[in-house]
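The following note concerns the model shown below.

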Amino acid sequence: MNRISLLKRAGWMLLVIAIQFIYFPTSQATSGGIAPKLAIDVIPVHTTWVVPYYLCYPFWMSSVIWILLKLNDRDFRAFLAAALFTVGIGNLTFILFPTYVELPVIPGEDIFARMLRYIQIAGGTHAALPSAHNFLTMLFCATLIHLYPRYRWVWVGIIVTVALATLFTGQHYILDVVAGLLLGFVGFWFGQWWVNRRSGVQA
């Protein structure tokens, strides 16, 4: 296989980011659809969970930089295939099968309440299932588990924390979270399958 220059890596990653940014107009402008709420969706809101919810953003950004600069070509190709699959399926689902969350009213004027209300305004109500917070986190963490299995409990801890944060902030329902985690996991394994197939390696 040909070597992938940093410029080409950056271009491919910008494509992935551009596809994922479809989330914003679909969340803000979409109407109708269903709220995938189950009878067991009675999880109370705890505004302090907005902190790990916000911390996803620097985690994702640092992961993107690490992927651009540190991954070898084989692992970069695997991640790229996984990312295109994951964000492509996720955002296509947002468009074709609209879902929304009935956002809770957040009382109080403390910093956590304000942060959570800002997320509600910026994130909108739609594009709920699958949860982008969860499929992106799963995709990055599954890659880290694959490459650094010695620290797998750190990566698993991040996955669990983010899943709980999306629930305890009232940003998602349980089905949203499960669907997001499954999509990120399947996307990771699609990337591994694709790069092995392309290089002639038997899975």
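1. Phe 85 counts as partly exposed because its relative accessibility is 25%; the classes are buried under 20% relative accessible area, exposed over 50% and partly exposed in between, with a 1.4 Å probe and protein chains only. Phe 190 has a relative accessible area of 27% and is likewise partly exposed.

2. This is a predicted model, in which local features need pLDDT of at least 70 and side-chain atom pairs count only at pLDDT 80 or more, while totals for chains, interfaces and linings use all residues. Residues are numbered from 1 along each chain as its sequence is written, and side-chain values use heavy atoms, with hydrogens and water left out.

3. A pair of aromatic rings is described by the distance of the centres and the angle of the planes. Rings of Phe, Tyr and Trp (its six-membered ring) pair if their centres lie within 6.5 Å; planes under 30 degrees apart count as stacked, over 60 as edge-to-face and the rest as tilted. By this rule there are 13 aromatic pairs. One of them, Tyr 54 with Tyr 57, is edge-to-face, at 6.4 Å centre to centre and 80 degrees between the planes. Both tyrosines belong to helix H3, three residues apart, about one turn of the helix; helices here are DSSP runs (H or I, at least four residues), numbered from the N terminus. Tyr 54, at 23% relative accessibility, is partly exposed, and Tyr 57, at 31%, is partly exposed.

4. Phe 85 and Phe 190 form a stacked pair, with 4.7 Å between centres and 20 degrees between the planes. This pair links distant parts of the chain, since Phe 85 lies in helix H4 (residues 73-96) and Phe 190 in helix H8 (residues 174-199), 105 residues apart. Elsewhere, Phe 21, Tyr 23, Phe 24 and Phe 94 make up one aromatic cluster.

5. What does the side chain of Asp 73 reach? Asp 73, in helix H4, is buried, with a relative accessible area of 8%. Its side chain reaches the backbone nitrogen of Ile 4 at 3.3 Å. The side chains of Asp 73 and Arg 9 are joined by a polar contact of 2.8 Å; a polar contact is a pair of N or O atoms within 3.5 Å, where within protein one must be able to donate a hydrogen and the other to accept it, and residues adjacent in sequence count only if both atoms are side-chain atoms. The charged end of Arg 9 also sits over the ring of Phe 76, 4.6 Å from its centre (the criterion is NZ of Lys or CZ of Arg within 6 Å of the ring centre and within 35 degrees of the ring normal).

6. Asp 110 caps the N-terminal end of H5, with a side-chain oxygen 3.0 Å from the backbone nitrogen of Phe 112.

Key. Helices (H or I, at least four residues) and strands (E, at least two) are DSSP runs, numbered from the N terminus.
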